[in-house]
Structures are given as C-alpha cells and as structure tokens.
Amino acid sequence: MAETLRPDVLIVGGGPAGLTAARSLRRLGVAGVLVLDREEEAGGIPRHSDHLGYGIRDLRSVMKGPAYARRLVDRAQQAGAEIITSATVTGWAGERSLLATTPSGRIRFDAGAVILATGARERPRAARMVPGDRPLGVFTTGQLQQEVHLRHAEVGSRAVIVGSELVSWSAVLTLRHAGCSVALMTTEFECPEVYAPVAFAGRALLGGPLARATKVVRIIGRNRVEAVEIEHLVTGQRRMVACDTVVFTGDWVPDHELARSAGIDLDPGHRGPLVDTDLATSVGGVFAAGNLLHPVDTADVAALDGRHVAASVVRWLGDGPASRSAVRLVAGDPFDWVAPGLIGDHMVGPPRDRLLLWSHQAQSFPTVVARQGGAIIGRRTLPWPVSPGRVFRVPWSLVRRADPLGGDVTIGLN
Amino acid sequence: MTTFGEMLMYDVAIIGAGVVGCAVARELSGLRMSVALIEARGDIGDATSKANTAILHTGFDCVPGSLESAMVARGYRLLGDYAPTVGIPIEGTGALLVAWSKEELDTLPKLALKALENGYDACEIIDSEAVYRAVPDLGSGALGGLTVPGESIICSWTTALAYATEAKARGCTLLLATAVTGVNVGDRVTTLETTGGQVQARWVVNAAGLGGDVIDRMFGFDRFTIVPRRGELLVFDKLSRPKAPRIVLPVPSSKGKGVLISPTIYGNVMLGPTSENLTDRADTSTTEEGFAFLLGKGRSLMPSLLEEDVTAAYAGLRASTEHSDFVVAASGEKRYIRLGGIRSTGLTASMALGEHVRTLLGEHGVTPGVRDVLPEPPRMPNIGEAFPRPYERDDLIDADPLYGTVTCFCERVTEGEIRDALQSAIPPRDPDGLRRRTRALMGRCQGFFCGAQVAALMEGPRAPAEAAHG
C-alpha cells in the first residue's frame, strides 16, 4: 500500500451529488473533504450529455451537461475540496475505510465519514435478457454518448431506441448529432414516459415513429446489427425493423456494489442503499446521495441531495451515532419504490422536502395517500401526473404526521 | 518450414486453432519439425472453445474404456500441472451432483461405481443435509448428492491462448483468417487450398471442430457427421458468486447432462447449458425459449440466483456426432490424423490429445526428437478472480502507473493489461478478442462506462503524457 489518507469526509463518486456534497461540506467548515472519481475527469454523466437542461434547480441557470460538470468541479475545488481522479475504489478495509487503486499506487482512506455517490447505470441488453445474435452496434445511452461526444466515433445510420424515458430523448439528440436517423423508438408502456413538453419537442426531433406497448424480442445480425424483431404487447403481433444500431436506454439500476459489499441494508425496490431522511445508511457514518438512491432523477436533484447530505454528515461528525428510526416508508400500489425509505430522527425532511417515488402506472391528477396502522395520515391531490419511467415527487408534508412508534407508513394512490 | 516461391511447406499442418488444435500445435512444435496452425476465424479459440462451460473434468462420468475416458483422465493431470506453470487460472472448487428425485438418488451408487471404473476414487455419496451444508442456497427438494472433489473451474480462453503462444514461441506458424477450401493428397505432400493461398504439408491434423466432418470428407472419408448442438448459458452478476461455492451438477439422464450451476473463474455464476441440435454451424444466437428454459431450471435449482442481474447471455455450439466417443484415427496412406467429435471434455483432454497425436505420428514412423533448446513457457496474464490481478499489485503499479489506471471498472481491468494484450504475441483483433484476454467489457455494465475508452485504446495506445495526465 503506497499510503494512507485520513480525510474527515471521503466522497465516492464525483458526479453532481458528490461534487455538490463536497462543496457544501467545505462551506459548513469541514476541513478535509476528499472526492474520489474513477474517470480521468470528474463530473459524472453530464460530462457526455451534450445538450441543455442542466443546472436549473441547483445553480439557477440552464446549461449543457459538459459545462455543468466543469462548473461543479470548479465550485468544489474553489471551496477547498480535493478531488482525486482515476481512482477506482476496490473495496472496504473497515467501517469507514476504503481501498482505491490509482496510477500512483494503491491508497487506503480512513475517513471520519463516507458518502457514497456512485450513481446509476442503464441496464444493458444482457440484463434485460433480449435474445438473438451478439453483433456490433448495440449500445446503452451512456456508451453511445461517450462514443460520440468524447471519442467522436461514428455510429450507424439507422437506429432503434429502446425506451422513452428522459434519457432516451437525450439519445435521440446524440444520434442526430452523429448523423444517425431514428427508425423507431419503442416503449413497453401505453403512454410516453416523459413530461409532455419534452415529448412534444422530442417528437419533432425524432423523425421516426414511437411504438407504444412494444418490446424488442430479438436482435438479428451476425457481425453488425441488421434488424430487431419487435412485439406488440397487447396484440402479440411481431414484425422486423431494419436498423444497424440499437440503443438500450433508461431502465436504470443503482451502482450499488460498494454499498452491498459493506453489508449496508438495501431498499428492495430500487436496490440502492436504504436511507433515512438524513440520507444515512444502516452503517454508522456511511451516507449516500444522488441517483444511487433514486435511479434516476435529474442531475440537479441529485446535486441537491449532496447539499442535504452535507448537513447530515456535519451533524454526525459533531454528535456521533444517532439511534436509527423504526418508521419505514413502504411503496404501495402502483409504486415500485419510495426514497428515502426511512423517516429520520432529526425531524428534518428529505432533500428538497420531497419524497421520490417510481410508478409502473400512469395517472393524471393523482391523489396520494399515506397510511399507518390502517389509518390515513396524509392525503394530497397533485397537479402533476404519475408516469412510468420517471420520478414522481411528493411533498414531504404527506407523512409529517407519522407516529415514530406507529410502524410502517405505506404510500399509494387513492 | 521450406518455402518454394510463394508456397509454404511444413512437416505438419493442423487445421483448426481451437483449444485442441492449439494443444497439438504446442506439442508438435516442441519436436524437430515445422508446424503450421491454420484457422478459418480471425482469432484462436474463437468458435466452440470460447463458449465452453470451462470445467476441468476428472472424467468420473465418462464411458469407461473409451478413448474419451483415457484422454480426459490423462489431460486432467497434464493441464492441471501445466496451468500453474504458465499462469492459467484454475480453482479446485469441486463439484456436487444433486439428486432431486428418488430415481436420481438411486443412480448415485452406480455413478460412484462408474467413477471407479474411470479410475477416479474420490467420490462420496452424501445425504440431503450435507448437500445443503455444501451449497446452502440450493432450492428445496434435494434428496442427496455425490461429491466429485476433483472437478475444477479453469479459464478456457487463457488455456487456448497459452498453448498457441507457446507454439508460436517454438516456431509454429499461425495462419489466422485462413479457411481450408480444398485438399489434394499427393504422393509425399498434401496441398491445402486455403483462402490465403496454398499450404503444403507432409502430414495434416484435422482439429476443425464444427467443420471436422467437412475436412474429413475432403480427405475422402465419410465416417461421421457433425451436428452443431447449441448450448445457451446465462452468466449472473459477481455479487451472486458466494451462492455457488462449488459446481452443482445434475444427475445425468438419457436426455444428456442437463443444466448445471457453476462458479466461473472470473467470479460470476453460470447457469446452463441448454441442448438443442441445429443445422446452421454458425448460429450462436440466444433464444427466448432457451432463456425461459434456463430461468425455469434456475428457479428450482437456486431461486435466489434469479434475484441477481444477468451480466451476459451467450450460446456455444458443441461438435456432437453420431458416435458416443471421440472420433480419432490416423491414416498412414493419406498422412492424415482426424480428431473428430471432440465435445466439451476436449478442454480437459486437450494436452492428452496433443500427446496422442504425437504417438500416432510415431506409429507411422514420424519420430522427430525433441528440440535441443525450447523457449521458456510463456507467462500468461492472470484474469482469474482468485489470484492477484494488476490493480491490486503494488509492485506492478510502482513499476508502471498504467497498471494502476483502471479502464474497465466492473472487471477492474487496467490500461496496462489492455496495452499488454494489444502488444502480445497473438494480439486480439476485435473487442471480443480483447475481452477474452483481459476481461475488459465483460462486466455488469457491458460498456456503459468504459466501452468508448476501450474502443479508443484498441485503435492505438495513447501518448505516455496523455495517459498519465488524462
């Protein structure tokens, strides 16, 4: 081992959540704040999302992904946080000790507190179990955008995009930039998953049709993709769509391996760490923030997690272990998960005073209901819709009346 | 090798650079003779050999008295000894045959007896309780089991590559992307027509795997027909590895060997294979039916395994024939040796088959001595999970920062390893070849994070300053 470093706070992952947490911690007076990022440049996924839409809620401006990423790096460094790039964390050496491999040697970090901000990734073709040949030309959005924006490589000329989440439209923009037309976008849902304005603007860009209730069931092509076979989920009808590129978008999964290998409790819904409203995990002094906890919300929401967790970490560094709350927030129908999954002890709400939920069904003007021990403890009718494929945000006040000793609180639709 | 103008002339030409062809090439190139290894595909071990279950078999369940039984038993020892000397990762996990029905339970004593007939005496019949102690995550209903402590997992990719690398160091000519299209057996020399021109050799060894019967017919024989038997496999996330501490084998039935669960040498868990006869010898696509079948099997064998994500799904083709044994024979008249119908046990048997070819040549008066000076065996880069890899080796990182520069995060493959592979004696020609040499791109993200970076490295190394600084 080359050396041991002892930061007050070690942050794993230099994306929007990690970088914002680093800056906030410094501004709250924490001396040694260290961010590790495994890429050559910190900034996270926005680095290769070369389109507008970043920085709205956290920086109060509208910018492109790469500029936003640079800005977050600069702001963290200006605040006095140290960032080590090309540093891959390989495992734990103790409760708040981690090992990393870097070009200048392996480093051990013994930290006062750890924040996991490792983000999320799109589920690739294999994990979605799409059978067929294994030709070249199959991507996730992440890989496609790095190919196009970081490596300036050529992609194909005719693409099928699987999914119609927010990121799927980002893939449309990237393909357009690369001169690749979109033959078809497919979604397994009956309605498009994103905000109407995005879908409206996106449709103008798309050029090709959007196939709803449709699933890609096979990839064809021995060397390069030649076609995909699609199935309409209602009629069962199948047909072939000729293309030379397939982009699997969305279907995010948290990069939770580090959390799992520490034995941290996971949320059975999103499989990221189970945290309370302080964003504290089940291991003392280990916190989590960003899309690792809600795969995925927008970058600015992840960044604001970072600001929120910084305050929790400062409290923890000052007061030490707090007893962990017993009130669990449970996702009821039609939700798959709710984040955070526990109500904390400090009577502080979650980041932005919003609970984040993920639904597999759409509904306009939803009435959200919280129940504890058979009784309704909160009810809100919201002006924004519930839609699969994107985070549904609910005011924290919905569960504010929860009894700390009353057991699980279930959140569902009326 | 003698050159007549553009013509290449060898003592022995081996057709097929799968694991068996590579083992034969390694063996023969250690003798005082010139050897060519001819491969239709662009890389060695790129067909049947790359989609193997990667188990080093004891041969406990072979047909006693068969050539396969003898070759597997001998090959097990030879490869078991060779692996550590060249750095082929191997893990002695042991296997457990699990009986799920009364009928299967009754078969276990017969299998133990068969193992003895095959010269393997370490099997033990255990009760259901001991089965669950050995593999706690097994689904309910296991009635008992048979242990086979000698079964091991091995890196089949490194095995073929080590053989070919050593053969090349010993002077063997490797002709890749060279398909044999015709054979002309002359009085003293056989001329092979290939997509890369003519190749002449005194003796020809047919190790063409899935194309073995086609080559055999070119020599005027009609002894066997290859039926490509597709086996689909699912590879589960590394986080599932503790669930499979050893290989879990089904009790073989008349329907074949069935579906197994095995740890992989790279730290994953594998479920498969299916078994389906095809006509297309290149159809390695996966299917909905195959996935459904494997998930159904997985649900009863080990339900908790299915909670993990699938990292990769692939299909391999086995060269099955109408014969129950390997189809091996030498023809002195045609100076031709056939290694046909070598199924998945060929990985284990490979070095024994190399020896066997040498013996067959000797029986036909071809007895060149061993070369006076042989190069040192190669030292293959370790891609096994159970052994230290560059990212965790301070000595390597100190000497070269590229061994501390992790490129593929999921599999922790460093830029130094990718560079080494690209500069190696037999470099990869595509991302798939790089994956088999380094593990790059074979992890859970399947290129989400590093795909573009790996592709860039394959196009050429970065300038040192750029690499160090980013």
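Figure 1. The contact draws on 44 residues of chain B and 45 residues of chain A, where contact means heavy atoms within 4.5 Å. Eight salt bridges are counted between the two chains, a salt bridge being a side-chain nitrogen of Lys or Arg within 4 Å of a carboxyl oxygen of Asp or Glu. One to look for is A:Arg222 with B:Asp280, at 2.9 Å from N to O.

A note on the model: it is predicted, so local features need pLDDT of at least 70 and side-chain atom pairs count only at pLDDT 80 or more, while totals for chains, interfaces and linings use all residues. Residues are numbered from 1 along each chain as its sequence is written, chains are lettered from A and ligands numbered from 1 in the order in which they are written, and side-chain values use heavy atoms, with hydrogens and water left out.

**Figure 2. Aromatic rings where chain A meets chain B.** The whole structure has 10 aromatic pairs over all chains; rings of Phe, Tyr and Trp (its six-membered ring) pair if their centres lie within 6.5 Å, and planes under 30 degrees apart count as stacked, over 60 as edge-to-face and the rest as tilted. A:Trp252 and B:Phe448 are edge-to-face, because their planes stand at 85 degrees, with the ring centres 6.1 Å apart. A:Trp252 sits in strand β20 (residues 252-254) of chain A and B:Phe448 in the loop between α11 (431-438) and α12 (451-459) of chain B, so this pair joins two chains; helices (H or I, at least four residues) and strands (E, at least two) are DSSP runs, numbered from the N terminus. Both A:Trp252 and B:Phe448 are buried, on a scale where buried means under 20% relative accessible area, exposed over 50% and partly exposed in between (1.4 Å probe, protein chains only). Ring pairs also bring B:Phe409 and B:Phe449 into a cluster with these two. The charged end of A:Arg38 sits over the ring of B:Phe449, 4.5 Å from its centre; the rule asks for NZ of Lys or CZ of Arg within 6 Å of the ring centre and within 35 degrees of the ring normal.

**Figure 3. Domain 1 against domain 3 in chain A.** Domain 1 covers 3-121 + 253-322 and domain 3 covers 351-413, with bounds from an automatic or database domain assignment. Their centres, taken over C-alpha atoms, are 27 Å apart. Domain 1 brings 12 residues to the contact and domain 3 brings seven residues. About 780 Å² is buried between them, 64% of it on carbon and sulfur atoms. A:Arg57, A:Thr277 and A:Asp297 supply 41% of what domain 1 buries against domain 3, more than any other three residues. The rule finds one salt bridge across this interface. A:Asp297 pairs with A:Arg393 in a salt bridge, the closest N and O atoms being 2.4 Å apart.

Conventions. Buried area = accessible area lost by both parts, 1.4 Å probe.
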